[in-house]
Amino acid sequence: MDIPIRKVAVLGAGVMGQGISAHLANAGVPSILFDVVPPGEGPRSRLAQEGIANARKLKPAAFYRESDAALIHPANYEDDAAALETCDLVIEVVVENLAIKRKVFGWIAQHRRPGSIVTSNTSGISLAAMSEAMPEEMRQHFLVTHFFNPVRYMRLLELVPGPTTLPKVVASVARFGEVVLGKGIIYGKDTPNFVANRIGVYGIASVFRHMERLGLTIEDVDTVFGRPMGRPGSAVFRTADLVGLDTLDHVFDNVHDGCPEDEERAAFVSPPWLKAMIAEGALGGKAGYGFYKKVPGDGQKSTILARDLKTGEYRPAGKPRFDCIGRARGTDDAASSIKIIVAGSDPGARLAWACTADTLIYTANRIPEIADDIVNIDRAMRWGFAWELGPFETWDAIGVAASVKRMEAEGRVVPAWVKDMLAKDRPTFYARDPSGTLTFWDPASGSARPVPSSPRWLFLKDLKATGKVVQSNASADLVDLGDGVLSLAFHAKMNAIDTEIITLYEKAIDLLDADQYTGLVVGNQGGTAFSAGANLFAVLMAASMKQWAMLEDMVRRLQEVCQRAKYSRRPVVTAPWGLTLGGGCEVAMQSSATQAAGELYMGQVEAGVGVVPAGGGCKELLARTLGDIPEGTEYDPNPFVQQAYRNIALAKVSMSAEEARAMGYLRPTDRLSLDPDALLHDARQVVLGLAQAGYKPPRKRRFKLPGRSGKAAIEMFLYSMHEGGYATDHDVVVGKKLAHVMTGGDIPTNGWVEEDTILELEREAFLSLCGEQKTLDRMQHMLQTGKPLRN
């Protein structure tokens, strides 16, 4: 059985200690944050207290909600040692110095409870060196848990057990990391920099080498090795600035000093210009400048300068253009984009090919040195470095046989096991077998094996590959999730709500009404959005052509299908994640229950494009804000309505699922899945649980709303916003329409209004605003720039 982990000690209140304890709090796990007693006057646990205070201020936010910081208790090693025995897991996060770590482990050995688990968050110090002086029982309960920064957002957790670590200890930490913290677990070995940093830093070293050879600037490199190559927007040099140039140099040294047999050891030597920048103090973001430098410009705008690595001078950052990037721009996925770019002939393409070829060969040579299989390595790079495709997935994308031929023609030595795979008529590292099961090539056995998966992961692509699609159209699929549960999965661009999605949603509810399924999950996977809103282009076209009947029909159908979902006698569970905006927010809210991802950016943002929510969003937020107040209760609805109004009028968006709950977009009873790959599985389990408990839908309700007097109060707020320069003329027009909806229309003070009346008011306001030229201008601007227009 797993060892229960209910309380955690985090030793070290620096940046990583702050991030780990904050994410424990996100998961509802209490922790004790230890640090040394500082010299001088003041609280003896001041360093830990300051660490918690700093964690509250981190950007991007470390906490789902700031109040969760109360789950972290500040402590010091001298006064609070006895508290260590109350902790099930102890995570060491002190400075990367072996002598200091050994001292801390000695303290832990004195005060921990036997059977408790001890881990180190080291990014590269040898596990063997850290554990050699530990008591045997402590060594059996010791392993490396390498979190990536920022902890909340980076999914990777590398586990490195020692030769004497008990299997149940590894299993317990893996389960805690995955199920409780939502981390992606990969298993590494006790080698310098473990898995992700070993590969990622080699890739950076390759970039350094080839950019000099090709005479490219740092902006050239970041233009290529950003989104077009399936890498994060921070690319290479912005990422280095975030990490810190001194940290990068340290990681280089780790490999160079610790891997004397590495065939690319010479690559892990920092170039002279990097050493010079470190000596100068140009360490990146923490120093205010590094490869890039932000300086004040005219007015409120800042100017971004880029460093010339030859002269050491800063100049305005350029915006390079490469033909290969232009050709790849129209592709829909990273695999296609990468394939186009590396096949090009311009300098950007030559850089992309050279660095990719280097990295693929180097990575293939690291098996089994740093990990036992390609799956662990690919996941490490996706989860730890935010690559869209891991190295072997990238190799599949560009074509293994063709790229091997090109590599060998250039004099590169391709690992024998890769050529052995091709010789056995296996053209790719990943492939589905005849049953639809995804397999990977295992070099150790020279055969294909099923890709390992958590029992809590549920992937739509796997279900589709095994014939589980019930019905499909251009924007959505109905997929059988198993156990009698159906799924509605959007796959339009940004999963924007359109008539095709509405049609399939209607079909899904029809199937529930016909008792063909136990329940429905509304969820999807891939990209960045559950749904970024309604199909704005379709709305703009219909409004521009004055096709009011068609537009009203689309709005009415969305309202009706969402009402059918909410009041279905079969449970309908929505599973929002990522961007859940506008119409997507409305769909997510109107259900039997919601199983949400922890990372949820949810809000009704329609006011930004000059309209009001018209898919039931106003009605539903009123229901959430007013709560279940009995009809006979005397109360003033104004403060409740005004709060809901502000959320919509100011287009507020949550920065986490817990913020969405606080704003009313999630119910107090809705649950979270911190592991994104478990979201659909967990939503399916909610459907089954509701069905097994004899699910009964809620009854439609009436709202006590302030009417004309409440609308007048809101209009005073709009007037003050306009006079203060915070609202434009058209903002006021939109705000008044929204106020009319949210206060119940033309009714007396504190009148009672049916849901259907609110829905009718939504439609009327939406359609009338679509007839405003300034609204059409806002929609056009949003489609062209992705940004709201203040007109």
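**Exercise 1.** Over the face of which residue does Lys 293 lie?

*Solution.* The model is predicted: local features need pLDDT of at least 70, side-chain atom pairs count only at pLDDT 80 or more, and totals for chains, interfaces and linings use all residues. Residues are numbered from 1 along each chain as its sequence is written, and side-chain values use heavy atoms, with hydrogens and water left out. A charge sits over a ring if NZ of Lys or CZ of Arg is within 6 Å of the ring centre and within 35 degrees of the ring normal. Lys 293 lies over the face of Tyr 314, at 5.2 Å from the ring centre. Arg 366 is placed over the face of Tyr 362, at 4.3 Å from the ring centre.

**Exercise 2.** Classify the ring pair of Phe 34 and Trp 107.

*Solution.* Rings of Phe, Tyr and Trp (its six-membered ring) pair if their centres lie within 6.5 Å; planes under 30 degrees apart are stacked, over 60 edge-to-face and the rest tilted. The search of the whole structure finds 22 aromatic pairs. For Phe 34 and Trp 107, the centres are 5.4 Å apart and the planes at 65°, so this pair is edge-to-face.

**Exercise 3.** Determine whether Phe 34 and Trp 107 are buried or exposed.

*Solution.* Buried means under 20% relative accessible area, exposed over 50%, and partly exposed in between (1.4 Å probe, protein chains only). Phe 34, at 0% relative accessibility, counts as buried. Trp 107, at 13%, also counts as buried.
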